[in-house]
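Visitor: I am new to this structure. Please show me how to read it, one feature at a time.

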Amino acid sequence: MSESVAVRHYPQEQRFVIQWVNEQAELLYSLDLNSRKINFYRTYVPESARGQGLARKLVETGLQWATTQGYEIEASCSYVQKTEPWPCDSV
């Protein structure tokens, strides 16, 4: 990544966002508070921002937050599934 980027968390919208010029890269999730499960289901990086490490930064931030909150992590997003390190046993 050529420059430092800030990841913002919008819990009401259940997403993590990086602002990139006039576009946004994002990691979306759904949260079930009753079962304490979180599912990361979509990662999106605008074409103009690809190859900068933004998706990895989003996923690392999201997984770290979910782990800190004590959620059981699931990932239906293929990018999240293949991102290491993976802090849980099941995907």
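Guide: Buried means under 20% relative accessible area, exposed over 50%, and partly exposed in between, with a 1.4 Å probe and protein chains only. The model is predicted, so local features need pLDDT of at least 70 and side-chain atom pairs count only at pLDDT 80 or more, while totals for chains, interfaces and linings use all residues. Residues are numbered from 1 along each chain as its sequence is written, and side-chain values use heavy atoms, with hydrogens and water left out.

Visitor: Where is the place of Thr83, and which residues does Thr83 touch?

Guide: Thr83 sits in the segment after α2 (78-82). Helices (H or I, at least four residues) and strands (E, at least two) are DSSP runs, numbered from the N terminus. Not counting residues up to four places away in sequence, Thr83 touches Arg56 and Val59; contact means heavy atoms within 4.5 Å. The side chain of Thr83 also reaches the backbone oxygen of Tyr79 at 2.7 Å.

Visitor: How do the strands form a sheet?

Guide: Strands of a sheet pair through backbone hydrogen bonds, either parallel or antiparallel. Two strands count as paired if DSSP finds at least two bridges between them. Here five strands form an open sheet in the order β1-β2-β3-β4-β5, with mixed pairing. The edge strands, β1 (8-10) and β5, each pair on one side only. On average, neighbouring strands of this sheet are turned by 25 degrees against each other, direction ignored. Asp32 stands opposite Lys37 in β4.

Visitor: Which strands does α1 lie across?

Guide: α1 lies across β1, β2, β3, β4 and β5, and runs at about 150 degrees to β2. Axes are lines fitted to C-alpha atoms, for helices over the stretch in contact, and angles run from 0 to 180 degrees between N-to-C directions.

Visitor: Which residues of the largest nonpolar core touch the most other members?

Guide: A nonpolar core is a set of buried Ala, Val, Leu, Ile, Met, Phe, Trp, Tyr and Cys residues joined through side-chain atoms within 4.5 Å. The largest one has 22 residues, and those touching the most other members are Leu27, Ile38, Phe40, Leu54 and Val80. Two or more residues come from each of β2 (15-20), β3 (23-32), β4 (37-44), α1 (54-69) and β5 (72-75). The largest share, six residues, is from α1.

Visitor: How many salt bridges are there?

Guide: Side chains of opposite charge can pair when their charged atoms come close. A salt bridge is a side-chain nitrogen of Lys or Arg within 4 Å of a carboxyl oxygen of Asp or Glu, and by this rule the count is five. One of them joins Arg15 and Glu26, with the closest N and O atoms 2.8 Å apart. Arg15 lies in strand β2 and Glu26 in strand β3, so the pair ties together parts that are eleven residues apart in sequence. Arg42 also forms a salt bridge with Glu26, the closest N and O atoms being 3.2 Å apart. Arg42 lies in strand β4 and Glu26 in strand β3, so this pair ties together parts that are 16 residues apart in sequence.

Visitor: Are Glu26 and Arg42 buried, exposed or partly exposed?

Guide: Glu26 is buried, with a relative accessible area of 14%, whereas Arg42 counts as partly exposed at 35% relative accessibility. A network of salt bridges links Glu13, Arg15, Glu26 and Arg42.

Definitions and conventions:
Polar contact = N/O pair within 3.5 Å; in protein donor to acceptor, adjacent residues only side chain to side chain.
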